[in-house]
Amino acid sequence: PQSDPPTMGGGASSQAEPPLPPIRRSISEAQAHVRADYDGDTLLSADVGGTGSRLHLFLPPDTTHPKESDFFVPPERMIFEKQYKNERFDSFMDVLKTFLREAGLERPPLLACLAVAGVVVDNSARFVNLGWDISGRKIEEALGIQRVELVNDFVAQGYGILTLNPKKDCQVLQDAPIKHGAPIAVIGAGTGLGEAYLAVGAQGDYEVWPSEGGHAEYAPRQEGSNSLETELLQYLLIKYSEKARVSVERVAAGRGIANIYEFLAWKYPEKVNRAVHRSFVGPIEGPRTFDPAAITKAASTGSCELSRKAVDIWAGAYGSEAGVVALTYMPFGGLYLTGGVTSKMKDWLSGKTTGQSTFLEAFLDKGRVTTMLMRVPVFVVQGEDMGERGAMLKATRIYLEQQNERRMSQASRSTGAPEFIMRPSAVTMKPGGVQDMATVQEAEEEIVSEVP
């Protein structure tokens with residue numbers, strides 16, 4: 001007798017993929033078991049970074065009107081998940097094809113949300129370091145997915161914040177009452193410095209809006225006649241051949257730790273710990289690495305005075321910029337610190353390592369409005385999978401918009417996305433699978449007329 005089609009849940013990878021560097025994750029292992037010929041709707045999400053991609057295939061929520069807390073995909077709805085090293089693939093299309101093949105379902109996902117580490121223009125993004133071009137339209141055409149939406153990875157982190165329980169999933173840096181419905185802000189030190197904010201939209205839930213605040217000017221701080229940070233700014237102006245300004249992410253992001261240490265090693269050569277410096281620069285025969293992890297490690301162990309000073313300046317610059325973000329958005333709904341560097345340095349940011357928090361001192365050092373900043377709840381996000389969680393939430397929202405269970409978000413409208421998605425069975429199809437645009441336009445006008 002013919003055997004039943006296999007059930008999915010663990011995938012069918014024939015060759016083990018070398019693991020990516022570990023991150024703090026709170027997403028559970030896939031436990032949904034569906035047959036290979038399952039013909040129901042499935043959703044795909046991906047967090048595509050510079051070095052690795054993490055993909056998820058999951059079932060949509062079964063509730064008609066889910067709460068925001070239902071948007072975090074539980075294990076029983078997760079069909080398959082896997083991470084890949086980008087350098088092993090010629091294109092992201094190859095990553096997707098490999099993932100869907102290993103997932104084992106015959107039918108493609110209904111829709112996908114891809115969080116990408118780069119600027120998204122016209123639903124496309126380019127990874128210069130990889131030579132990848134990712135186009136939502138081309139993926140739709142090649143793989144038969146009805147809709148593929150690209151979002152910036154830090155926007156995805158903002159959506160990921162909505163899946164958190166601040167008291168359980170975060171470390172509290174400044175304890176203040178959360179004002180529900182007030183703006184929320186996110187700032188994240190990783191390789192770069194990401195910023196975004198969340199505001200309540202027409203749905204009554206939060207929508208994420210991107211920001212490029214990490215590219216604003218770095219403003220040196222100093223006590224009295226101590227002009228060390230001003231000298232740091234002058235050093236970076238020369239290093240980056242800038243005419244008049246240096247962006248704040250050159251100092252407050254993860255790479256900023258390396259920049260600050262380089263400056264201190266140049267200014268105080270007699271204080272250089274040669275072992276730490278060699279670890280930072282890389283082996284004498286090359287290649288040069290300029291690894292900030294060598295500095296944070298030496299700072300945390302107390303083995304290098306310059307490393308401790310570098311991390312202290314970095315924490316102050318990060319705290320000062322977080323204060324600027326708080327002044328800009330007044331996020332009484334919470335200010336969340338994310339990113340790999342933030343997670344690894346949380347004890348330094350909180351003051352646990354040194355006995356005082358340079359971050360919070362700089363955050364609150366805003367003169368006459370300091371008392372206002374004292375009302376802002378500040379959290380360090382424990383996990384490093386906010387992009388994954390946010391991409392899943394956004395994919396779920398798009399699905400509910402398609403089902404007419406949720407109106408199109410204002411944030412989605414602003415990117416030029418279609419007002420809604422219709423199933424092929426719900427619109428007139430011309431020969432060759434082309435939708436009758438008159439039918440689509442009529443349905444669009446009907447939905448738009450309902451929006452207040």
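**Legends to close-up views of a predicted model**

The protein exposes about 21300 Å², of which carbon and sulfur atoms supply 50% (Shrake-Rupley method, 1.4 Å probe; for residues, only the protein chains shown count as cover). This is a predicted model, in which local features need pLDDT of at least 70, side-chain atom pairs count only at pLDDT 80 or more, and totals for chains, interfaces and linings use all residues. Residues are numbered from 1 along each chain as its sequence is written, and side-chain values use heavy atoms, without hydrogens and water.

**View 1. Overall content of the protein.** The secondary structure comprises 17 helices and 17 strands (DSSP runs numbered from the N terminus: helices H or I, at least four residues; strands E, at least two). Of the 452 residues, 52% count as buried (under 20% relative accessible area, 1.4 Å probe, protein chains only).

**View 2. Helix α15, residues 386-402.** The 17 residues of α15 should span 24 Å at 1.5 Å a residue, and the end C-alpha atoms are 24 Å apart, which agrees (expected span: 1.5 Å times one less than the number of residues). Because 17 of the 17 residues are buried, α15 is largely enclosed by the rest of the structure. Just after α15, N404 has a positive phi of about 60°.

**View 3. Strands β11 and β12.** Strand β11 (residues 184-189) runs antiparallel to β12 (residues 193-200), with six bridges between them (strands pair if DSSP finds at least two bridges). I187 has E195 of β12 as its bridge partner. The hairpin joining β11 to β12 passes through three residues.

**View 4. Strands β12 and β13.** Six bridges also link β12 to the antiparallel strand β13 (residues 206-211). Opposite A199 stands E207 in β13. Five residues lie between β12 and β13 in their hairpin, and G204 in the turn has a positive phi of about 90°.

Notes. Buried < 20%, exposed > 50% of the residue type's maximum accessible area, 1.4 Å probe, protein only.
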